[in-house]
Amino acid sequence: MLSKALLRLGTSAARRPWRVIAAWLAVAALAVLAAVALGGRTADSMTAPGLDSQRAAELIERAGTGQEGMTAQVVVTPLADGATFLDDVGARSALTRLRAEVTRLPHVLGASDPVGALDAGGDTAVRGGLVSADGRTAVVRVQYPDQSRLSAEDLDALVGLGDRLRAELPLRVEMGGNLFYAFSAPDGGASELIGLLAAATILFLAFGSLVAAALPIGMAVFGLTVGVATMTVLAGVTDVPAFAPVLGSMVGLGVGIDYALFVLARHREYLARGLDPREAAGRAVATAGRPVVFAGGTVVVSILGMAVANVPFMTVGGVAVSIVVLTMVLASVTLLPAFLGAAGPRLGRAGRIAGALGAIRPGPSGRRRYAGTGVAPAAGWRRWIAHVARYPVPYAVGAAGLLLTATLPVLALRVGLPDDGSLPPSRTERRAYDLVAEGFGPGTNGPLVVAADPAGDPAVLDRLTATLAADPGIASVAPTHVDPATGIATLVVFPTTGPQERATADTIARLRTEVLPTAIGPGPARAHVGGAAASLSDVGRRTSERLPVFVAAVLAMSFLLLMLVFRSVLVPLKAVLLNLLSIGAAYGVMVAVFQWGWGGALIGLEATVPIVSFIPMFLFAILFGLSMDYEVFLLSRVREEYLGTGDNGKAVVEGVSGTARTITSAALIMVAVFLSFAVTDDPSTKMFGLGLATAILVDATLVRMVLVPATMTLLGRANWWLPRWLDRTLPGGGAGMGAGAAPAATGGAAVQSPSGAARPRPADR
């Protein structure tokens, strides 16, 4: 049913290419206009319902202290050697002027006054984290309203003021804070261009034709434009996290070019058989398009499954990325066949490079042709797969051993969030971070905010301050601020350790379980620990707790879908286990690079950092869906061969070697796109890029070209075993998915295989 619908859709698009292209141009223009008129900016809300940090945020908002808004900090130190803010009149005067100019910036609600705190009592300034004990470093904390009332212009105004004051005052001026995190230009623009250039190069080498290489790129650019514009419109309705556009671009480019490659390769195969270009395009969509729809749907369902974590920003981020993936799937089955129809027979001609690679080799009529680049399986790939099939045990054991070894570092995985200390020294945020750490201690870069409702008992606040200050994990407690209207108090607490350190998470846990209950007592008063460091720690803990449930749900869903498609128990079980191995290896490489520092300099990593708390779940969802691309594409061809010959060994060799060129080309494109994002400044983007690239590389090499043929050879005919009672229970078969999905593609009749699926006649093989 799906194949017939895709056949009609693809053929119609190929016969009326300019109408379809014009429609996509109109949709892209409307999406961009809607993004400009209705779109919003990304907004990071690292909270989730039910967390203690969320309860603290709710108390702070109820008190109306302004601490629930955006913040920035200006960190200054005198340029003169030996000068300090304690005794240098000129430095203090310059600092007073700097603060005054900062408070006059648009939307600034207020700014801390280090000089006023020093005049009132030096101890107050030091305890409040405003002036370092040696007097060399001062911090002006700038309070802004909620992010919804701000824009990138506010950040530009602050940065512009800093640039001007550096030239006018005898001070070194550096800046940081979450205003920078929210409104700094996101990484990805240059990476997208690098990824596109790399993909174009690989496509040209594979197809030997500029036209053939340009079509997948053009389709991906169309899809990315519509998808990201739609994501921007979504940001005008709800808070879309800052990482979503970068991740959407990364995944969108990868899957878009990948899907286009599958369809284009099948189209060229049909052209080589002598079919009319429009008919070839329709049949390419009917055959290769079905795995594309299945794989894209799997990606979307996997990503949307992250809602199980009950972390709103992850759910919305998943929806945003899913929009891009769905757009790419739609473009693959409508826009791409329109491009193919418009290109005509030119796509069937290989250039010199592709000819040298054996991309298109005409063969005798009736010879079996494969979906590499429209080719018979390359002799090299056939020899390799046949070699693996002759020695399946050592290859299966060796490859599995390598992947398990690569997975071992996962045992040391530590989640958190890289802070400004992981940025390159060229960034002012990193320089501000270093000045604060040197002058005040590492914990000052990740202060905790304790929000307390004393319920009318002022003695609670005295006990709370004393108990917090006595904790060994707390360096200092700033003066308490009490809202006179509500009585709610906020205490800024500075840990002794940095925000990335495990000891800080331990301190937060101890405050909640021991310190606050002791200080509050059994009465109605309550207190909660908030702040960025506490919020991120809470989100990391929740995602870690929910990850096993999410993984189990995705594995079960994938197993059932593959069992429906291939009418087998062992094939989907094997696929699930092998996908776990490739994803585990990606996790292991991330731990080794980002936590242990192995090879970090190669991607510009400045310091070791924990794995971002939400990345393991996101990676699992995306990678499990992407791995289905190769799984369905490869197994569809193997099953087609098996149904045609009944010989499992031959089916494995012919099916795997027949798809090897397409899979390796697609994997190279994805790896190139993902690695281009791994060299950006942002550590989170680096993690996404390296993790995705590693998993795809492992999946397309060790898994698809070694473990799959080795294990399928060992299992023999058991690969296709399905109990009769289960066969009767499951909905209609899907054996024809992939190459054999459209019987008209071969032009032959069909007979029934023992399993009940369509089996080509020998003359069709």
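Is Glu 168 buried, partly exposed or exposed, and what is its relative accessible area? Glu 168 is partly exposed, with a relative accessible area of 40% (buried is under 20%, exposed over 50% and partly exposed in between, with a 1.4 Å probe and protein chains only). The model is predicted, with local features requiring pLDDT of at least 70 and side-chain atom pairs pLDDT 80 or more, while totals for chains, interfaces and linings use all residues. Residues are numbered from 1 along each chain as its sequence is written, and side-chain values use heavy atoms, leaving out hydrogens and water.

Across the whole structure, 24 salt bridges are found (a side-chain nitrogen of Lys or Arg within 4 Å of a carboxyl oxygen of Asp or Glu). Glu 168 takes part in a salt bridge with Arg 97, at 2.5 Å from N to O. This pair links distant parts of the chain, with Arg 97 in helix 4 (residues 89–103) and Glu 168 in helix 7 (residues 152–168), 71 residues apart (helices are DSSP runs of H or I with at least four residues, strands runs of E with at least two, both numbered from the N terminus). Arg 97 is also partly exposed, at 34%.

A salt bridge also joins Asp 471 and Arg 510, with 2.8 Å between the closest N and O atoms. Asp 471 lies in the loop between helix 20 (459–470) and strand 7 (474–477), and Arg 510 in helix 21 (residues 502–520), so the pair ties together parts that are 39 residues apart in sequence. Asp 471 is buried at 7%, whereas Arg 510 is partly exposed at 23%. Within helix 24, Arg 637 and Glu 640 are three residues apart, about one turn of the helix, and form a salt bridge at 3.1 Å between the closest N and O atoms. Arg 637 is buried, at 2%, and Glu 640 is buried, at 8%. A network of salt bridges links Asp 163, Arg 166, Arg 172, Glu 174 and Arg 431.

The count of aromatic pairs is 13 (ring centres of Phe, Tyr and Trp, the last by its six-membered ring, within 6.5 Å; planes under 30 degrees apart are stacked, over 60 edge-to-face and the rest tilted). Phe 243 and Phe 618 make an edge-to-face pair, 5.2 Å centre to centre with 80 degrees between the planes. Phe 243 lies in helix 11 (residues 243–272) and Phe 618 in helix 24 (residues 615–645), 375 residues apart. Phe 243 is buried at 12%, as is Phe 618 at 0%.
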